[in-house]
Amino acid sequence: MSALRTIAEEDGAVVILDQTRLPKETAFVRLHTLADAAHAIRVMQVRGAPLIGATAAYGVALGLSEAQPLETILSTLAATRPTAVNLHWALDRMQRVLEKSALAGRQDVAWREARKIAQEDEAANAAIGQHGLAMLRPLATNKGRLNLMTHCNAGWLATVAHGTAISPMYAAHANGLDIHVWVSETRPRNQGLLTAWELAQAGVPHTLIADNAAGLLMMQGKVDCIIVGADRIAANGDTANKVGTYLKALAAQAHKVPFYVAAPVSTVDYACPDGSRIPIEERAADELGAGDVPVANPAFDVTPANLIAGIITEHGIVAPGELASIKP
Ligand code: MRU
């Protein structure tokens with residue numbers, strides 16, 4: 001499997017990079033069954049909204065190859081993680097396509113559709129990179145180094161390939177823009193370490209910061225633009241992303257730093273009117289490593305649309321209030 005692609009097919013199995021072992025160790029896991037796929041999503045061996053969607057699609061194909069009933073397959077996968085809407089988007093798409101096809105051919109149809117979902121994600125994220133690059137170019141004019149900031153990991157590890165928020169950064173670096181990325185650590189799961197690992201591999205200058213350092217850096221004028229990913233974008237543009245994103249958006253508004261969200265249209269939940277309806281995943285207390293004290297561990301927060309300068313999609317950059325214009 002290519003080092004820059006997170007999921008691949010191999011002899012009727014699905015091979016993933018085990019993200020729980022990164023960045024210390026590069027290890028691959030073979031998924032053979034529906035249970036393997038559900039486990040991989042639940043324990044975050046795969047993570048990031050677009051990759052969760054692609055893995056769920058392959059999970060459907062694996063389940064059908066084991067002759068499991070379609071309803072069992074869909075409900076098992078739907079219960080793995082609540083916030084990233086790409087999971088439900090992929091399952092709905094698989095269900096629609098499968099229900100239209102004859103029972104005998106469903107396995108082949110499922111593998112084909114999962115492959116298509118993965119290929120489309122790769123293409124969408126490459127396009128996001130180019131649209132984001134067009135936004136970054138003018139910011140870089142008459143400036144030395146362009147200082148960007150991101151939160152969590154929305155690089156190629158969070159998708160099938162290229163990444164969402166990091167895709168414009170890769171494109172900028174590849175096109176000779178002098179960029180540097182502030183990478184927010186992202187407690188408690190430290191997805192920032194994954195972003196730093198990716199950027200180091202690609203030779204993109206970057207610096208890891210504690211989550212709480214972001215406001216100070218903005219106040220000091222050391223941040224020119226922030227780009228984050230998304231797990232679910234409501235129809236009005238309110239955006240759920242890794243917890244801590246909202247605080248960055250508030251600080252960005254205070255310091256007039258443009259704050260962008262990058263995501264494929266598969267992350268837009270047109271059936272969800274606003275951010276108050278987005279389910280927020282509450283994860284286990286032990287992730288905080290605090291021992292025997294009461295703990296709350298919401299894994300996502302919601303950034304209101306009015307704090308977002310634009311949403312970088314595969315169809316171009318749209319204002320949060322204009323998502324209807326790119327509805328599939
Ligand atoms: O809980 P995770 O690691 O699956 O979180 C999802 C994310 O990686 C991010 O919130 C990301 O910025 C959006 S997905 C490209």
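The lining of the largest pocket is made up of 13 nonpolar, five polar and eight charged residues. This pocket has a volume of about 540 Å³, and 26 residues line it. The structure is a predicted model. A second largest pocket holds about 330 Å³ of space.

**Largest pocket: position and lining**

- Because domain 1 (7-120) and domain 2 (130-326) both contribute lining residues, the largest pocket lies between them.
- The lining residues closest to the centre of the largest pocket are Trp89, Val265, Ser266, Val268 and Pro328.
- Four elements are listed as giving two or more residues to this lining: helix 2 (49-65), helix 4 (85-99), helix 5 (106-140) and strand 11 (268-269).
- Helix 4 makes the greatest contribution to the lining of the largest pocket, with seven residues.

**Second largest pocket: lining**

- The second largest pocket has 18 lining residues.
- Nearest the centre of the second largest pocket are Asp211, Asn212, Val243, Gly244 and Leu247.
- At least two lining residues of the second largest pocket come from each of helix 8 (214-219) and helix 9 (245-254).
- Sorted by class, the lining of the second largest pocket comprises nine nonpolar, six polar and three charged residues.

How values were computed
Residues numbered from 1 in each chain as written. Predicted model: local features only at pLDDT ≥ 70, side-chain atom pairs only at ≥ 80, totals over all residues. Heavy atoms only, no water. 1 Å grid on protein atoms, 1.4 Å probe; cavity = no way out; pocket = protein on both sides within 12 Å on 5 of 7 lines; lining within 4 Å. Points joined across faces, edges and corners; volume = space filled by probe spheres on them. Nonpolar A, V, L, I, M, F, W, Y, C, P; charged D, E, K, R; others polar. Domains from an automatic or database assignment.
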